[in-house]
Amino acid sequence: MSTNIIYAVIIVLILIIIFSQISYGYTPELFLEHFCSQKIDYYDFDNTVMYFKSPKTVPAISSVCFIAGVHGNEPAGTEMLMDLLKSDYFDQQSMKCQVNIRVIPAVNKWGLEYGQRYQPDLAYPDINRNFQGEGLEPTSAKIIELTQNYDLVVDFHEGWGFHLINPTSVGSTVLPGRTPQSLTIANLAMNHINKNICDPRKKFIVMKNNSCEIPKTLSCYREQQKKHYVLVETSGQNDIQPLETRKSQVLSVIQMTFFYILHYYFKMGDPSHKIYRR
Ligand SMILES: [Zn+2]
C-alpha cells in the first residue's frame, strides 16, 4: 500500500514537471521578428585597439536597437526597417560604425496586419503601457529582454497630426530621453528630416518632455534605467501623408543615428560629457 502511495506521488511530480514545461514553452516570439547583427569578435578586437590608440576616448554609443510597430496602426517604421533588412544596409553600418545592431521591425504583428493600435490581449492591450518591472505581459517582457543590453533604443511611432498645426498631437516630433546623447541624436535627426519639408507648419521639432509623463511606456522604462532613448513620431495615422514620405523620415533618423555613432566620441570619465568629433 505504501509503495502505491510513493508511485502516485512520483507520477504527480512528473505531471507537474511536464505541465510547467508546457507553460514555459509559450513565448511571445510569435509577435516578434528580430534580426540581430552582432559582430562580437570584431567589436572586442576593435575596442582593444582603440584603447591603445586613444585611451581617453570611447564611442558614445556602441550598440543600438531599432524598434517599430509597437502600435499596429503606425506602420512607417516597420515598412522602412523591413526594406532595409532585405538589403545588407545594417551589415554595412555595423562594420562601418563598429556597432552592435538589433532590429525589431514588427512588434505587434497582429495589430500591423489589421491596422489596429492594440495587441490581442484583453488585460494588457496597449504594449506601450506595459513596461513595468519585467513587463506586464509577454510582448513587453520580450522587448525588455531584447533591448536591455543596448546602449541606445530608437523607437518608431506615428502621431495623428502635425504638432506645429495641432499641438495636442505628437506627430512630427522627436522626443529624446534625458541623456545628452539622446538629445544630440534627436537634434541631428530633426535637422536632417526638416531639410526635405517645405511647409513650415509640417516641420519636425525636438520635444524635451518628461519621459514618464505617460507611465509604463518604453520611454519611461529607459529613463528609469538611465539609458539612451529616442522616440520618433512621424505624422502618419490614418495616412495623413503618404507612406513614402514617412518612410523617408524614418530613414533620415536611422542615417543620423549611424552618423552620430560614427562621428561622436566622449572623454572617458568626463562628467560634462563633451562631444568630440573623430
Ligand atoms: Zn504609438
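These legends describe close-up views of a predicted model. Local features need pLDDT of at least 70, side-chain atom pairs count only at pLDDT 80 or more, and totals for chains, interfaces and linings use all residues. Residues are numbered from 1 along each chain as its sequence is written.

**View 1. The protein chain has nine helices and 10 strands.** Helices (H or I, at least four residues) and strands (E, at least two) are DSSP runs, numbered from the N terminus. Of the 278 residues, 39% count as buried (20 or more other C-beta atoms within 10 Å of the residue's own, with C-beta atoms placed from the backbone).

**View 2. Strand β5 (residues 152-159) is largely enclosed by the rest of the structure, because eight of its eight residues are buried.** In a regular strand, side chains alternate between the two faces of the sheet. L152, V154, F156 and E158 point one way from β5. V153, D155, H157 and G159 point the other way.

**View 3. β5 pairs with strand β3 (residues 63-68) and with strand β8 (residues 228-235).** Pairing requires at least two DSSP bridges between two strands. β3 and β5 run in the parallel sense over five bridges. V64 has L152 of β5 as its bridge partner. β5 and β8 are also paired in the parallel sense, over eight bridges. Here F156 is bridged to V232 in β8.

**View 4. Helix α7 (residues 180-194) crosses helix α9 (residues 243-263) at roughly 135°.** Their axes come within 8 Å. Axes are lines fitted to C-alpha atoms, for helices over the stretch in contact, and angles run from 0 to 180 degrees between N-to-C directions. Residues of α7 that meet α9 include L188 and H192; those on the α9 side include M256 and F259. Contact means C-beta atoms, placed from the backbone, within 7 Å.

Conventions:
Two residues are in contact if their C-beta atoms, placed from the backbone, lie within 7 Å. A residue is buried if 20 or more other C-beta atoms lie within 10 Å of its own, exposed if 12 or fewer, and partly exposed in between; C-beta atoms are placed from the backbone.
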